[in-house]
Amino acid sequence: LSMLTEKGDIKPFGEFLTDVKQINAQYNHNYLYAEYNHALGAAQMAAKWYDFEQDGDRYNLQYRTAGDGKVRPEHAALNGVTLPPSDAFWEEYYPPNGWNCRCTVVQVRKSKYPATPHDEAMALGEEALQRDTKGIFHFNPGKQNKTVPDYNPYTIRRCRDCDIAKGKIKLARFVPENELCSACK
């Protein structure tokens, strides 16, 4: 919400920075800029995902980079990956896939762009996100309706050792409030 104006428009970064400095004047400008861009990019890609879901698998989705000299080689390797929206690839490798990532996904006609073999796409995705050791980019913000996954560097440190966070234990549908940690809530 702090990224929005009173009218609901997106605040330019300069205005957002001014607001943040009122809370913490020492906040790292570069980190804040990357976090702002990530939250904005994740929200925009989530909105695109909602639109893609409306069409189901009628079209394929294609990963595209910004196509300039600033594109990271690992993201460039994903450029052109084409798969149906139902493919599991999009659960983990849907943009943004890094800090200040400018990649996107577009709908394409199945007859014009052949689908990438699933295993090949997954290998490219894993290669592209191998530096994401904390798992903050291995998710689809549109499917999860979140700008960052539940367990990431911003959640409490205790989650790193939690079997729930590691996926070893699944939470029951109903867990008493007093048995959940603050991150699970």
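## Helices and a ring pair

A helix here is a DSSP run of H or I at least four residues long, with numbering from the N terminus. With that in hand, and bearing in mind that this is a predicted model, look at helix H2, residues 29-55. Trp-49 and Phe-52 sit 3 residues apart in that helix, so about one helical turn separates them.

Are these two side chains buried or exposed? Buried counts as under 20% relative accessible area. Trp-49 comes in at 2% relative accessibility, so it counts as buried, and Phe-52, at 6%, counts as buried too.

Zoom out, and the structure holds 9 aromatic pairs. Back at Trp-49 and Phe-52, the ring centres are 6.4 Å apart with planes at 85 degrees, so that pair is edge-to-face. Ring pairs also tie Trp-49, Phe-52, Phe-89, Trp-90, Tyr-93 and Tyr-94 into a cluster.

## Around His-138

Now for a loop residue. His-138 lies between helix H5 (118-128) and helix H6 (141-144). Which residues does His-138 touch, leaving aside neighbours within four places in sequence? The contacts are Glu-91, Glu-92, Tyr-93, Glu-126, Leu-129 and Asp-132. Tyr-93 is also a member of the aromatic cluster.

Two of those partners come with distances. Glu-92 is 46 residues from His-138 in sequence, yet their C-alpha atoms are 4.5 Å apart in space.

Conventions. Residues are numbered from 1 along each chain as its sequence is written. This is a predicted model: local features need pLDDT of at least 70, side-chain atom pairs count only at pLDDT 80 or more; totals for chains, interfaces and linings use all residues. Side-chain values use heavy atoms; hydrogens and water are left out. Helices (H or I, at least four residues) and strands (E, at least two) are DSSP runs, numbered from the N terminus. Contact means heavy atoms within 4.5 Å. Rings of Phe, Tyr and Trp (its six-membered ring) pair if their centres lie within 6.5 Å; planes under 30 degrees apart count as stacked, over 60 as edge-to-face and the rest as tilted. Buried means under 20% relative accessible area, exposed over 50%, partly exposed in between (1.4 Å probe, protein chains only).
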